[in-house]
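Please consult the model shown below alongside the text.

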Amino acid sequence: MTLVVRNSPFIAMLALALFGVAFTSVARQWMLIYWVVLAPIFGTMSILTRWQDIEEGHLRWPLVQTELLHWGGVLVAMYLIFVANVEQMMNADASALMVLTILALGTYTAGIHVRSWRTAAVGALLALSVPLIAWLEQATLLLLLRAVVALALVMALVMLYR
C-alpha cells in the first residue's frame, strides 16, 4: 500500500495524460485547454519531486528557473500543434498522439533535469504508450470482431451442452 501512496503522483501523471488522449477523441474543442493546463501540472510535479531533496534555499531557484523554461518550451510546442494551419492537417486522434509524444519527451527530459528516475520513467511509459494507442485505435474494429466471434463460440458451446 505504501508503494502505491508513494508513487501516487506519478500514477496520477500517467492517468491524466492517458485520459487526455481519450478526452481529445471525444471533445476536440477542449483539447487545447486540457493540454495547456496539464503541462504546468506536470512541471509543478517535477519541481516538487526534487524540492524536498534540496536543503539549501539558494539552490532551489535554479531548479525552478530550469523547469519553468523547460515546460514553457513544452507548452509552446504543444500550442504549435493547435495553430489553425497545423490543426487542419491532422485529425483529432493524430493531434492527441502528437501532443502526448511532446508531453512524454518533456516529462522524460524533466526527469533527467531534476534527477528523478520516477518522472523519467513516467515520460518513458508515456512514450511507449503512443504506438500502443495508435495501434489500438486502428485495431479496434478487429478486436471487436474477435470479441464477437469469441462470444458467439461461447454461446454456441453453452447451447450445445445444454
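Buried denotes a relative accessible area under 20%, exposed over 50%, and partly exposed in between (1.4 Å probe, protein chains only). Under this criterion Phe 42 and Trp 71 are both buried.

The model is predicted: local features require pLDDT of at least 70 and side-chain atom pairs pLDDT 80 or more, while totals for chains, interfaces and linings use all residues. Residues are numbered from 1 along each chain as its sequence is written, and side-chain values use heavy atoms, without hydrogens and water.

Three aromatic pairs are present in the structure. Rings of Phe, Tyr and Trp (its six-membered ring) pair if their centres lie within 6.5 Å; planes under 30 degrees apart are stacked, over 60 edge-to-face, and the rest tilted. Phe 42 and Trp 71 form an edge-to-face pair, 6.3 Å centre to centre with 70° between the planes. This pair links distant parts of the chain, 29 residues apart. Its members lie in these helices (DSSP runs of H or I, at least four residues, numbered from the N terminus):

| Residue | Helix | Helix residues |
|---|---|---|
| Phe 42 | α3 | 31–51 |
| Trp 71 | α4 | 60–81 |

Ring pairs also join Phe 19, Tyr 34 and Trp 35 into a cluster.

Asn 7 occupies the loop between α1 (2–6) and α2 (8–26). Is Asn 7 buried or exposed? Its relative accessible area is 15%, so Asn 7 is buried.

Note on methods. Helices (H or I, at least four residues) and strands (E, at least two) are DSSP runs, numbered from the N terminus.
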